[in-house]
Amino acid sequence: MLYRLISTLGLLFAAQFAAGQTLSGTVVQSESNEPLPGAHLTCTCGAAEAHAASDPAGNFTLSLPGELPCTLRATFIGTTPTTRTITDLSPIQIELKSDVSAIDAVVVSAGRFEQQAASVTVSLDVLPPRVVESRGTTSLETALQQNPGVSFVDGEPQIRSGSGFSYGAGSRVMILVDDLPILSGDAGRPTWGFLPLENLEQIEIIKGASSVLYGSAALSGVINIRTRYPDARPLTRVSLQHGAFSTPQTAEAKTWEGTPQQTNIRLLHSQQLGAWDVVIGANLLGDQGALAPMDTTYPSHYAPLTVDRYASQARGRMNVNLRRRDTGVEGLQYGLRTNWQRSNALATLIWAHAPDSIYHADGGSATRTIQTAGTVDPFLSYLTPGGVRHDVRARWQHLVNENDNNQSNASDVLYTEYQVHWTGDRVQLPGLHLTGGLVGQQTWSEAELYSGGATNGANQALNASAYLQADAAIAERWNLSSGVRYEHFDVNGLVSSKPVFRAGANFQAGQATYLRGSFGQGFRFPTIAELYIRTGLGTLQVYPNETLLPESSWSAEFGIKQGVRWGGLKGFIDAAVFDQRYHDFIEFTFGQWGAPTDPLGGLGFTSKNTGSSRVTGAEVSFTGRLEWGQTKVDFITGYTFTRPMSTTPDYDYGQGLGGLEATYLATSSDTIAYTNRAGDTLGVQLKYRSPHLVRLDVQAERGRWRIGVSGRYQSALANFDDAFVAFERYGFVDWGLRDWLADHPKLPWIWDVRVGYTAGERHGVSLIVSNATNREYAIRPLAIEDPRLISFMYTYTIE
């Protein structure tokens, strides 16, 4: 009896001891032995289960729910699940074999934590660094325009036709660098050349309303530029690039001697120094531009830093990233990022005359800008022993634009954000993520340009907000997301506040099949520029509007991401349908907003609430890789169709001083209406939108050689401000625009070609041809695009 009692107690003690024990190990990819963060592990001991997830290093620790032996199942998106029988507590390594989804990217923008792109609830694209680096990009928008659904009008980004042309004031696309906004505090627009291209990790593009996590300007999407920190291998890279523009297709349009050229130098050094991560980058650009010189005395020889041609620019930029990786306090990291640039640029809004002077500027429409721009970004991150992450980020953004024509402006922005991220790991809910934060942004602006209305040019803007988002992975196949944000704005005493909401779901219907749906609201308060701008460029006048109201929106989307594998080809096909609706829609529009004594009797442009609008459409894209022997071919391609329309085309949004009718219909160059099958009018097309976008990028690598081709097409802007042609119709100007439009009813396909060779481990050379067929075209009326540019690039790398 005593023996049986001791045996029973021993077995009970052993079971309790086993149940209290932990199993640890690492999850890696079998082909590369790289760690897999976020792998899901399920341990079954009898009828009891326990769950865990691997950390960023692929490591995991799991409390056994019962006595051995147990069954451990490991899964990870893009790999084949594996099951192991656990008989002891020795550390184990689990190897997961890649499946079609192995090319899927890890992203942070969708939920402010790392996720597989296939499992997010919104449309999200990832541009890898090679798209930027191999194209010899000197400014980020030339790389972004290769992404499906993204286009530009005069440097203003559009995602799925959510924006138009606004003279550089206001943006419905939030631009971020490492999760911090980079839009100017007064005008709400990016300086594309200021963004660091030397040290890219990847670029993430969210399509659809994203105001819950990213605030006001994310009305139609987000572009997040993520930079990388060094690993154990120091990296030094220097790129030297020189190119020349070809003679324009219209020979009589070239009125100058010589060939305009461009020189670009980039430098990067990245290294771990003890407990510090150090990254130093620099860029020097001299670009004569493809347009004509300002006068006939311009030197015909190459002068890279001379800015006396229309569209020419010279700039120097330097950035430093510092991070204290090992602080002596477990879980604590802090650092500082800073980026500064000085530039001189000459931009033009309107050409002189088509077709013979399309590379010249209309009198008074060119602006020289000497710009000083800089950011200083301190940050601190602390991961508590309980797994709660606290982040404090701040940014001081300084911008001075010394413009001629009495248009100078300067602004300082102080942005601060506190964010807390909690996971459910400690409560056996490894798929649960809660993210909350507080944001404050203060802008001080001094500007001749923004001195309209009651202001004297000294303006202030305050934005305060709080947000909370919950993301949950349920039963390995479901990912649910919901969030709310409250925004408060105060611009010179004009105050408005509003909550916004979003929700989404992603369901893994098969091994590589993901269904998603999302709904999101947006809210955007007018910028200082939209409220108070007062300027004139040649015959065009721009007026302020202090009565401008905030605009709001919602967007909904349903999509499917399907992994495909056929022989050596694997990738993802993504298809989506979407609906975006806007209320109090802000558009830059024409009317008689000035006094009769002003030029053209007060006719000009201003920002107005034009009523309601709607953008519906569909998008399909393919991202993948073909492995054929020793050759690897990467694909990024897609087609986007949109129906952007004003649903209140007869809404009178203000007659102005002269009593002229001010409706969307009356100010449009194209009044053809959208109708449904019953013939009922739905609306007229929004201005400055291209309903059809096609994007293609293919790059093949074999051994030391690589070759790439990029193609892009967008349909012509079917609608724009009728004032541009009306000015000619009534004899105010002679731009040759009506004849140009008649001779160029469509936009051409634009092809870029690149060939590269790597010599050894350190040297690389490339030949890059942009607009290879030298097509002559204008996306926006009166603004000619660049002809062919042929560049050579040499890259020296020490790693």
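Phe724 and Trp735 are both buried (buried means under 20% relative accessible area, exposed over 50%, partly exposed in between, with a 1.4 Å probe and protein chains only). The model is predicted: local features need pLDDT of at least 70, side-chain atom pairs count only at pLDDT 80 or more, and totals for chains, interfaces and linings use all residues. Residues are numbered from 1 along each chain as its sequence is written, and side-chain values use heavy atoms, with hydrogens and water left out.

Aromatic pairs number 23 in the whole structure. Rings of Phe, Tyr and Trp (its six-membered ring) pair if their centres lie within 6.5 Å; planes under 30 degrees apart count as stacked, over 60 as edge-to-face and the rest as tilted. The ring centres of Phe724 and Trp735 are 6.4 Å apart and their planes lie at 55°, so this pair is tilted. Phe724 belongs to helix α6 (residues 723–729), whereas Trp735 lies in the loop between α6 and α7 (737–743), 11 residues apart. Helices (H or I, at least four residues) and strands (E, at least two) are DSSP runs, numbered from the N terminus.

Salt bridges come next. The structure holds 37 of them. Each is a side-chain nitrogen of Lys or Arg within 4 Å of a carboxyl oxygen of Asp or Glu. Asp277 and Arg323 meet in one, at 2.7 Å from N to O. Asp277 is in strand β19 (residues 276–287) and Arg323 in strand β20 (residues 313–324), 46 residues apart. Asp277 has 0% relative accessibility, so Asp277 counts as buried. The charged end of Arg323 also sits over the ring of Tyr229, 4.1 Å from its centre. Here, NZ of Lys or CZ of Arg must be within 6 Å of the ring centre and within 35 degrees of the ring normal.

Arg581 and Asp579 form another salt bridge, at 3.1 Å from N to O. Arg581 is partly exposed at 32% relative accessibility. Asp579 is buried at 12%.

Val633 lies in strand β39 (residues 631–646). Its relative accessibility is 12%, so Val633 counts as buried. Beyond its neighbours within four places in sequence, Val633 is in contact with Gly624, Arg625, Leu626, Val698, Gln699 and Ala700 (contact means heavy atoms within 4.5 Å).
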